[in-house]
Amino acid sequence: MMRGSRRQVVLGAIAGAAIAPRLSAMAVQPPGPRVIACEEGFSIPELIDAVDAFMATRADKEPGLASLIGPGGKFPRMPQLLDPKRRIADMDASGVDMQVLLLNSPGVQIFEARQAGELAALANDRAAEWKRQWPDRFAPLAAFAPQDPAAAAQELERAVTRLGLHGGIVNSSTHNRYLDAPEFWPIFEAAQALGVPIYIHPREPRTDMLEPYLEHNLQGAVWGYAAETSLHALSLIMAGVFDRFPDLTIVLGHNGEGIPFNLDRIDNRYMTMHGGGTGKLKMKPSEYFHRNFVVTTSGTNWSPAVRFCQDVLGPQRVLFAVDYPFENGVEAVRAVDGMTMSDLERGMFLHANAERVFNIPPSRTASDW
C-alpha cells in the first residue's frame, strides 16, 4: 500500500506526531520517491551481553572502546537497536521506507575466532528473520569474523545465498589489523563471486594509533572514526586489493570518511613518490576509488558535502543514509528535502543507487518508486 508523501510525514513528525499525518484535502501531495537509508545500526542482545562480558575482564585489550563506554560501563542497550517494531515506527515518522541494516560497532571484531563466528552467524540469522517478516522494510548485510578468513568467506556465502542478505559488514579493524593483508582476501574473493558489496563501518582507532585521539576525546565520531576507516580503505587500495578483485565494491559511510575531498592530493603525492608513475598499482589511487567504492551520507547530510561527492564521484555513487539510531531520521530526511537536485539525481540518491549496489528489488508501487 502506498504511504503518504515523505514531506507530509516529516512535517507531521516535526509537529510532534508519532504517526503519518492525516491526508486532508489541503495536505495531500503526490508521493515522493522511495527512501532507502543505507547505514542503519542493528544489534542483538546476545552480542551486547558478549561485549559486556569481554569488557568486564579484558577492557585493556580494547582501550578505545573502553574510553567510549566509560570505566566499568556497559554497552548501551538502545531499544532502537533491538526492537524492529520500534524501528519501523521511527521509519514511518521520518519517511524512510527501507533500511539497510548493519551490525553495530564493535560488531564481532573484538572476540576470538570461534566466538566471533558464532555471534556473526546468530546476528545474520536474526537479521534474516526481520527481513522475512518485513521484506519491504529491511535489507540486512551479513556480519562475518575475519579472525578466521576461510570461515568468514563461508559465512558470507551462507548469508547471501541461503538467508538472502545483501552484502557484508565489517566494523573496521579486527585485533588491530585491516583487511589489506592477503590472508584476508578469501573474503573479498567470496564477495566478488557473489556480486555483493562489503561495507566498512567505523569504530575507534586501532590501539597502535589511539593515544593522540584520547588526549582531546577525539577517538569517536567527532574525528577518530573517519581517520580509522579512511586509513583502512586507503590501505586496501595501496595493497593492490582492487587489481586482484576489479569487480569488488566497497561501501564507506559519512561521505566516504573524507577521502573524496582529498583524492587529488592523494594522487599527486602518491605519484610523486613513484616518479610520476603508479608504482605497483595499475591505476592512480583515485581511479580505484571511482571504480570500486560507493559512499553513503550517514550522519553527514550536509548539502555542500553531499553535492561535492556527487560532483566528484558521480551521482550514481552517492547513497542516502541516516545512521539510525545515532542520528535523527526526521532531520536527515528534512535536510535532503532542502538539497538542490534534479529529479533524476534525487531518485538515484534516495533509492535507485541502493537498489543497484545492494541488490534490492525495486518497489512494487507506482512509477519509479
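Guide: Start with pairing: two strands pair if DSSP finds at least two bridges between them. Helices (H or I, at least four residues) and strands (E, at least two) are DSSP runs, numbered from the N terminus. This is a predicted model, in which local features need pLDDT of at least 70, side-chain atom pairs count only at pLDDT 80 or more, and totals for chains, interfaces and linings use all residues. Residues are numbered from 1 along each chain as its sequence is written, and side-chain values use heavy atoms, with hydrogens and water left out.

Visitor: How do you know that β5 and β6 pair?

Guide: Count the bridges. Strand β5 (residues 168-170) and strand β6 (residues 198-200) share three bridges, in the parallel sense. Pairing asks for at least two, so β5 and β6 pair. Within this pairing, V170 stands opposite I200 of β6.

Visitor: Which sheet do β5 and β6 belong to?

Guide: An open sheet of six strands, in the order β4-β5-β6-β7-β8-β9, with parallel pairing.

Visitor: What makes β4 and β9 edge strands?

Guide: Each has a single partner strand, so one side of β4 (142-143) and one side of β9 (318-319) is left without a neighbour in the sheet.

Visitor: How do you know that β8 has a partner on the β7 side and on the β9 side?

Guide: Again, by bridges. Strand β7 (residues 250-252) is joined to β8 by three bridges, and the two run parallel. I250 has F293 of β8 as its bridge partner. β8 and β9 pair over two bridges, also in the parallel sense. There V295 stands opposite V318 of β9.

Visitor: Why is the step from β8 to β9 called right-handed?

Guide: Look with the strands pointing away from you: a crossover is right-handed if the path from the first strand over the helix to the second runs clockwise. From β8 the chain passes through helix α15 (residues 303-313) to β9, and this β-α-β crossover is right-handed.

Visitor: Are the residues of β8 buried or exposed?

Guide: Buried means under 20% relative accessible area, exposed over 50%, partly exposed in between (1.4 Å probe, protein chains only). In strand β8 (residues 293-296), F293 and V295 point one way, V294 and T296 the other, and all are buried.

Visitor: What makes β2 a covered strand?

Guide: Strand β2 (residues 98-103) has six of its six residues buried. Both faces are covered. M98, V100 and L102 are on one side, and Q99, L101 and L103 on the other.

Visitor: Which sheet holds β2?

Guide: An open sheet of three strands, in the order β1-β2-β3, with parallel pairing. β1 and β3 are the edge strands, as each pairs on one side only. Strand β1 (residues 36-42) is joined to β2 by five bridges. Strand β3 (residues 138-140) is joined to β2 by three bridges. V100 has A139 of β3 as its bridge partner. The chain goes from β2 through helix α6 (residues 113-133) to β3, in a right-handed β-α-β crossover.

Visitor: Why are α6 and α7 called roughly parallel?

Guide: Take the angle. The axes of α6 and helix α7 (residues 149-161) come within 11 Å and cross at roughly 10°. Axes are lines fitted to C-alpha atoms, for helices over the stretch in contact, and angles run from 0 to 180 degrees between N-to-C directions. Angles under 35 degrees count as roughly parallel, over 145 as roughly antiparallel, 65 to 115 as roughly perpendicular and the rest as oblique. So α6 is roughly parallel to α7.

Visitor: Which residues make the contact of α6 with α7?

Guide: Contact means heavy atoms within 4.5 Å. A120, A121, N124 and D125 of α6 take part, with E155, R158 and A159 of α7.

Visitor: Why does N255 count as buried?

Guide: N255 has 2% relative accessibility, and buried means under 20%, so N255 counts as buried. N255 is in helix α12 (residues 254-257). Its phi is near 55°, a positive value in a residue other than glycine.

Visitor: What makes D323 buried?

Guide: D323 has 11% relative accessibility, so D323 counts as buried too. D323 lies in the loop between β9 and α16. Phi of D323 is positive, about 80°, although D323 is not a glycine.
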